[in-house]
Structure formats: structure tokens, C-alpha cells
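Please keep the sequence and the structure in view while reading the points below.

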Amino acid sequence: MIGSLRRFGTSGGTRVRRTVLGALAGVAALLATGVTATPAGAADMTPGVVPLSAQERASGFWTPERMRQATPLDVLSVGRSDVGASAPRKGKKAIIAPSAPAAPVGPLAFPHSGGAWTGGGAVVKTAGRVFFTYQGRTASCSGNAVTSANKSTVITAGHCVKLEGSWHTNWVFVPGYRDGQAPYGRWAAAKTLSTPQWTASEDINYDVGAAVVAPLDGKKLTDVVGGQGLAFNTGYNKAMYAFGFPAAAPYDGEKFIYCSGTTYRDFLLSSDHGLTCDMTGGSSGGPWFTQFDEATGTGLQSSVNSFKYNFLPTAMYGPYFGADAQNLYQTAQSS
């Protein structure tokens, strides 16, 4: 249940309080609008693998009205005594170059604690909203298309594919989302997956997820929207840009928001990157980039929006992309 205290981590010492920010507001919105959903494919779904029939239902399920009314799955909220750090495994530095075509972008402020991205560029096509069914309700996160061998890989947060022990259903990625519209299509997941640590015990330090999306109208995802690059095992204290579609107040999910600044290693309880950022629920899974070029809107994805401490609401935290995040990417792009 949301808000319960659970024990996580392979060492037995990691605990996370999974209070979703704005949960009461989300419930009130559902009661007011009557928007509920029966999980399509729930009965015939092997965890993480989506049958073709369920893919087809998911794509048709997400009407403009349902997308607008989806309740944001908020960034996880963590209490002071709820997390025991389990440092991510390190590996060799690895860089995957972007495949998205460059597009002109106007200069924007750095650092920035949160505001609308108005510069354009490749990122407005590669990033998008993620929609799915969670505990019988329509919900949303954020995600990003990346360069991959299968041209079909989306990176998001682990809790945007699986939470409280259950894989989400009706999962689709909508790149370039705006006002209930899907300018580049609704891409249904053929497979969702996460790191072993998140899959097994939902360890906050490994909150990374991925989806392999099915072709749409005979085309593959990154052939349509391009793909951002990735970076693994590149260290801390980096200049980064974070993006997402926050949908909890004061945001409404209709604006593409960014934060920027020099990150730091979490000095409190996790092994994550930290960044001053006011993004809220719905931004979970949105990409963090190093070497982000404002002139083209391309960069190297190095983390995702993951959680906030409930006693430090001005900071966002994102998992370190180490060996397990890299293995997840390799598994996804090989699927």
C-alpha cells in the first residue's frame, strides 16, 4: 500500500517509506472525474512481458481525455530514517553517443531550479510522458528514448514500470506529449524491465527502469524521434540538466520542465546524485543529462528523476548509473 513502511535492499538494511506526494489530491481527482481503469492484459501478462493483444489494447486505451486526467505517480518520498545506503556497483566508464539529429536551441539559464523548457532541440522529441495503469487507476511518469541496437528502448525510473511488487499495465510512451496529444504516436511497451535490485526488493539506489516498445505503423521509435546518448560510471559532481513532465501542483503535466545545475553526491542516506529542483509528481523517470548541449538539445543520459526527502523538498535525487544500470540498458537494447 502507498504510505506503508517496507524493508528493502539485499543487505536487509535499506528501508524506504513510499509516500507518494499528493496521494490524497490524486484520490480526490479520481473521485471527482470517475476515471478508473481495469488493467488491460493483467490476467495474461507475464511480469515485464506484454503479449501482443495487451500492446494493442494499451495503445487504444490512452485517449486524449485519459492522458489529461491521469494521476501523476509522484517521485518517491523518503523519510530521514527510512533509507540505508547500498552503494551501486561501479564498472568501467562507458559512453553511448546520441543518435538524435541536432536542432537549434536558444540559450537558457544555468543553474535553474525549475521552469518551462522553451529552447526546443532534440530533447523535445526524445523525452515524453509515460502512461500506465497502477492499482486500478490511470497514472503517469516521464521517460526518454535513447540510442539502442533495437531502436526501441526507453529509459525511465524503476517505480514507473514496477511498484509495490506489481508490474504496471497499459504501459505506453508518448514522446513530445502536449495537451493530450501524441504528435509522434503512442508507443506500447512489448517489455518492461528494471535493475535486479529494484525488481527483487525495490532498493531506492537502483530505481532505474526501461521499456522496449513495439514498432508503430511499421517504424521503430528512434527512427521517428531520435535517441539521446548515455553515460555510465562517470562519477559525481557533474553539470547536469534534468527534464520531466511534472503533473502535481504547482504543475499540471502539460509543460515540459527542466532543472539544471552542478550535482552533488547525496550526503544523507543514499548513493544518488542530488540537484536543486522543484519538479513534482509525474516527473519521475525523466532524464538527467551530462554534456548537455543547449545548442542542439542533445546529451548523455546519466540518471533519472527518482525521489525527494520529505524534509528537503527543494532537492531531487537520481540514481547513479553504474554497472547494474548499464546491464539493464544492454538487456533492453538486446531485447
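1. D217 lies in the loop between β15 (209-213) and α6 (221-225), where helices (H or I, at least four residues) and strands (E, at least two) are DSSP runs, numbered from the N terminus. The phi of D217 is near 55°, a positive value in a residue other than glycine, and D217 is exposed, with a relative accessible area of 73%. Here buried stands for under 20% relative accessible area, exposed for over 50% and partly exposed for in between (1.4 Å probe, protein chains only).

2. The model is predicted, so that local features need pLDDT of at least 70 and side-chain atom pairs count only at pLDDT 80 or more, while totals for chains, interfaces and linings use all residues. Residues are numbered from 1 along each chain as its sequence is written, and side-chain values use heavy atoms, with hydrogens and water left out.

3. N237, in the loop between β16 (229-232) and β17, also deserves a look: its phi is positive, about 60°, although N237 is not a glycine, and N237 is exposed, with a relative accessible area of 52%.

4. In the loop between β17 (239-244) and β18 (257-262) one finds P250, which a cis peptide bond with omega of about 10° joins to A249.

5. Within helix α2 (residues 52-61), A54, Q55, A58 and F61 are buried. They cover an arc of only 130° around the axis (taken from the directions from the helix axis to the C-beta atoms), which puts them on the same side of α2. The face turned away from that buried side carries the exposed residues L52, E56 and G60.
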